[in-house]
Protein chains: 2
Amino acid sequence: MTAEQKKKGYLCEISCINEGKVCTVRNQMNSDRTMTQLASTFKALGDPTRTKIIFALSKEELCVCDIATLLKVSQSAVSHQLRILRNMELVRCRKEGKIAYYSLDDDHIKALMEEGLRHVIEK
Amino acid sequence: MTAEQKKKGYLCEISCINEGKVCTVRNQMNSDRTMTQLASTFKALGDPTRTKIIFALSKEELCVCDIATLLKVSQSAVSHQLRILRNMELVRCRKEGKIAYYSLDDDHIKALMEEGLRHVIEK
DNA sequence: TGATTATATGAACATACGTTCATATAAGAA
DNA sequence: TTCTTATATGAACGTATGTTCATATAATCA
């Protein structure tokens with residue numbers, strides 16, 4: 001491999017300074033699939049509208065228009081974001097006539113919010 | 001306000017079904033600034049490369065090229081992502097000669113990772 | 001000194017994202 | 001049935017994001 005290729009950052013040329021530590025971590029690392037799902041979960045929480053929706057639902061079960069009122073966001077925007085949260089299984093939906101009531105899907109979500117808030121408030 | 005304006009979703013026309021609950025949540029809601037910072041924190045964790053970096057650093061202090069080797073990602077990509085994590089105060093940097101060692105900035109980050117992993121693994 | 005090594009960063013690119021707008025669906029009221 | 005209300009969703013739009021490439025900086029080595 002030439003110096004030119006090296007300069008271009010070919011992956012196999014990256015040197016590793018602390019091989020032991022890298023090995024240790026590699027053995028503890030979860031599957032790529034798990035880590036990607038974890039990233040997706042954080043990403044789903046990583047938009048201000050969705051963060052507020054999750055926070056709100058950690059306090060009360062609410063319908064779409066309640067959330068829209070609370071957050072001062074359009075019904076459509078809320079609905080789109082709820083779909084993302086539903087697909088990620090962060091929230092669940094209960095229909096009562098034409099009204100859709102949303103709540104958190106499991107307790108880890110609330111715990112995540114609380115841990116995250118503690119971090120932010122401490123800074 | 002006309003039916004036409006209503007149809008267009010003007011914010012002030014959004015009806016609220018459970019006013020009491022909305023009030024309750026509003027009183028508990030953190031400031032917009034805090035919620036936005038919380039969203040930014042989750043967002044920073046919400047990319048597969050960064051998630052893996054944070055996980056790795058929760059196990060060992062590592063330098064840039066160690067991380068690049070571990071994740072099979074270019075040095076440049078790692079460096080860019082580390083800057084984002086540094087700016088968010090999720091990781092800190094310690095220089096030893098020309099080598100930059102990174103570690104988690106505080107314990108909440110590790111707790112977030114663990115809580116998130118528990119959620120993902122349970123699903 | 002000049003070469004090498006570890007890291008940082010700006011520009012460019014393709015892709016992904018969040019909102020709005022228009023409209024669809026479906027339940028309830030008149 | 002027709003009108004209204006609550007929600008869902010596709011398309012379009014501008015913006016943001018993550019990587020690569022090229023290069024800069026700064027420490028160490030020969």
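Buried area is the accessible area, taken with a 1.4 Å probe, that two parts lose on being put together, summed over both. In the predicted model described here, chain B and chain A bury about 6,000 Å² between them by this definition, and 68% of that area lies on carbon and sulfur atoms. The contact draws on 67 residues from chain B and 67 residues from chain A. On the side of chain B, the residues that lose the most area to chain A are Phe42(B), His108(B) and His119(B), which together account for 11% of what that side buries.

The arrangement of the two chains was examined by superposition. Chain B is brought onto chain A by a rotation of 180 degrees with 0.0 Å of shift along the axis, at an RMSD of 0.0 Å. The two copies are therefore related as by a two-fold rotation axis. Both copies use the same surface for the contact, since 100% of the contact residues of chain B recur in chain A.

Polar interactions across the interface were then considered. Between chain B and chain A, 18 residue pairs are in polar contact, with both residues of each pair at pLDDT 80 or more. The elements of chain B that each supply at least two residues to the side touching chain A are helix H2 (19-28), helix H3 (32-45), helix H4 (48-59), strand S1 (62-63), helix H5 (64-71), strand S3 (99-104) and helix H7 (107-122). The largest share of this side, 13 residues, comes from H7(B). Sorted by class, the side of chain B that touches chain A comprises 32 nonpolar, 17 polar and 18 charged residues.

Within chain A, Asp105(A) forms a salt bridge with Arg92(A), in which the closest N and O atoms are 3.9 Å apart. Because Asp105(A) lies in the loop between strand S3 (99-104) and helix H7 (107-122) of chain A, whereas Arg92(A) belongs to strand S2 (residues 91-96) of chain A, this pair ties together parts that are 13 residues apart in sequence. Arg92(A) has a relative accessibility of 43% and counts as partly exposed, a class that falls between the cut-offs of 20% and 50%.

Between the chains, the side chains of Asp106(A) and Lys123(B) meet in a salt bridge with an N to O distance of 3.8 Å. Asp106(A) is placed in the loop between S3 and H7 of chain A and Lys123(B) in the segment after H7 of chain B, so the pair joins two chains. With a relative accessible area of 13%, Asp106(A) is buried, because buried means under 20%, while Lys123(B), at 43% relative accessibility, counts as partly exposed. Arg92(A), Asp105(A), Asp106(A) and Lys123(B) are linked in a network of salt bridges.

Further salt bridges involve Lys123(A). The side chain of Lys123(A) meets that of Asp106(B) in a salt bridge (3.8 Å, N to O), and Asp105(B) also forms a salt bridge with Lys123(A), the closest N and O atoms being 2.6 Å apart. Asp105(B) lies in the loop between S3 and H7 of chain B and Lys123(A) in the segment after H7 of chain A, so this pair, too, joins two chains. At 44% relative accessibility, Lys123(A) counts as partly exposed.

Conventions: Residues numbered from 1 in each chain as written. Chains lettered and ligands numbered in written order. Predicted model: local features only at pLDDT ≥ 70, side-chain atom pairs only at ≥ 80, totals over all residues. Heavy atoms only, no water. Least-squares fit on C-alpha atoms with pLDDT ≥ 70 in both. Contact = heavy atoms within 4.5 Å. Salt bridge = Lys/Arg side-chain N within 4 Å of Asp/Glu carboxyl O. Polar contact = N/O pair within 3.5 Å; in protein donor to acceptor, adjacent residues only side chain to side chain. Helix = DSSP H or I, 4+ residues; strand = E, 2+ residues; numbered from the N terminus. Nonpolar A, V, L, I, M, F, W, Y, C, P; charged D, E, K, R; others polar. Buried < 20%, exposed > 50% of the residue type's maximum accessible area, 1.4 Å probe, protein only.
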